[in-house]
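I hope they are handy for finding your way around.

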Amino acid sequence: MARRATLVYAALAAADTLLAATGRDRQRWLTKPLLMPVLMAGRDRPAQRALALSGAGDVALLGSGETAFMTGLGCFLAGHVAWIIALRQRPGRGRLRAQPVLAAPHLAAFGAVNAYLWKRTGRDRIPVIVYSTVLLAMSLAALDSGSPRTAAGGALFLASDALLALEKFGGLHLPAHEGLVMATYTSAQALLACGAAA
């Protein structure tokens with residue numbers, strides 16, 4: 001069941017990424033809300049909780065304005081906490097204790113992005129710092145899991161949210177920026193879910 005759901009999810013993710021890259025926001029109401037519910041099929045309860053919270057964040061971020069953004073941020077914050085709990089229940093943890101140097105790229109990215117955004121986030125500075133700290137903790141929990149797929153998922157989530165923050169607060173606008181955000185985000189969720197199942 002999980003394998004079939006992953007294939008359907010891959011098709012949905014590709015469609016939503018293309019719509020995001022081409023700015024077709026109205027059509028994304030047909031694709032983006034389905035992503036996490038499809039990926040939840042066949043997963044264990046801890047992974048389902050994390051995916052459900054991310055799904056709520058996906059829907060919130062389809063809206064516009066500060067309320068939609070902060071609601072989405074809150075959902076994803078809770079989703080990262082749920083992933084940390086789910087990942088800590090998996091066997092095979094302890095990779096970081098054996099090789100702490102592996103955390104260096106994650107810590108460097110966290111420090112560089114937050115330093116760059118420090119003067120640009122204004123009244124959102126504290127929520128952004130809190131959120132990015134929990135995101136970092138989730139990516140390190142994924143790295144610590146011992147699963148290469150899970151570790152890649154955590155790193156991609158870190159990259160995806162960094163791109164989103166740099167666009168919103170830092171004025172970074174790459175070609176097809178939203179498509180790149182969705183490509184890294186949907187890949188991250190799939191890797192976290194599949195790595196957890198493995």
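1. **Overall make-up.** The secondary structure of this protein comes to nine helices and zero strands. Followed along the sequence, that gives the pattern α-α-α-α-α-α-α-α-α. Do keep in mind while you look around that this is a predicted model.

2. Along the principal axes, the C-alpha atoms fill a box of roughly 40 × 40 × 25 Å.

3. Of the 198 residues, 47% count as buried. If you take the contacts with a sequence separation of 6 or more, 69% of them are between residues 24 or more positions apart.

4. **Helices α3 and α4.** On the α3 side the contact is made by P46, A47, R49, A50, L51, L53, S54, A56, G57, D58, A60 and L61. The α4 side supplies A68, F69, T71, G72, C75, F76, A78, G79, A82, W83 and A86. By class, the residues of this contact divide into 16 nonpolar, five polar and two charged.

5. **Helices α4 and α8.** Helix α4 also meets α8: these axes come within 13 Å and cross at roughly 165°. The two helices are therefore roughly antiparallel to each other, and α4 passes α8 in a left-handed crossing. Here the contact is made by E66, F69, F76, H80 and L87 of α4, together with T150, F157, D161 and K168 of α8. The residues of the contact of α4 with α8 divide into four nonpolar, two polar and three charged.

6. Is F76 buried or exposed? At 7% relative accessibility, F76 counts as buried, because the cut-off for that is under 20%. F76 is found in helix α4 and takes part both in the contact with α3 and in the contact with α8. Leaving aside neighbours within four places in sequence, F76 is in contact with S54, G57, D58, L61, Y131, F157 and Y185. As for distances along the chain, F76 and P100 are 24 residues apart, and their C-alpha atoms are separated by 26 Å.

7. **Helices α6 and α7.** Helix α6 (residues 104-117) and helix α7 (residues 125-144) pack at an angle of about 165°, with their axes 10 Å apart. This pair is therefore roughly antiparallel, and α6 passes α7 in a right-handed crossing. From α6, the residues making the contact are H106, L107, F110 and N114. From α7, they are V128, I129, S132, T133, L136, S139, L140 and L143. The contact of α6 with α7 has seven nonpolar, five polar and no charged residues.

8. Which residue other than glycine has a positive phi near 55°? A176 does, and you will find A176 in the loop between α8 (148-168) and α9. With a relative accessible area of 39%, A176 is partly exposed.

9. **H177 in α9.** Helix α9 covers residues 177-197, and H177 lies in it. At 4% relative accessibility, H177 counts as buried. Not counting residues up to four places away in sequence, H177 touches L163, L164, E167 and L172.

10. The loop between α1 (2-21) and α2 (35-40) holds L34. This leucine is partly exposed, with a relative accessible area of 42%.

Methods
Residues numbered from 1 in each chain as written. Predicted model: local features only at pLDDT ≥ 70, side-chain atom pairs only at ≥ 80, totals over all residues. Heavy atoms only, no water. Contact = heavy atoms within 4.5 Å. Helix = DSSP H or I, 4+ residues; strand = E, 2+ residues; numbered from the N terminus. Nonpolar A, V, L, I, M, F, W, Y, C, P; charged D, E, K, R; others polar. Buried < 20%, exposed > 50% of the residue type's maximum accessible area, 1.4 Å probe, protein only. Axes fitted to C-alpha atoms, helices over the stretch in contact; angles between N-to-C directions. Parallel < 35°, antiparallel > 145°, perpendicular 65-115°, else oblique. Left-handed = near helix turned anticlockwise from the far one by under 90°.
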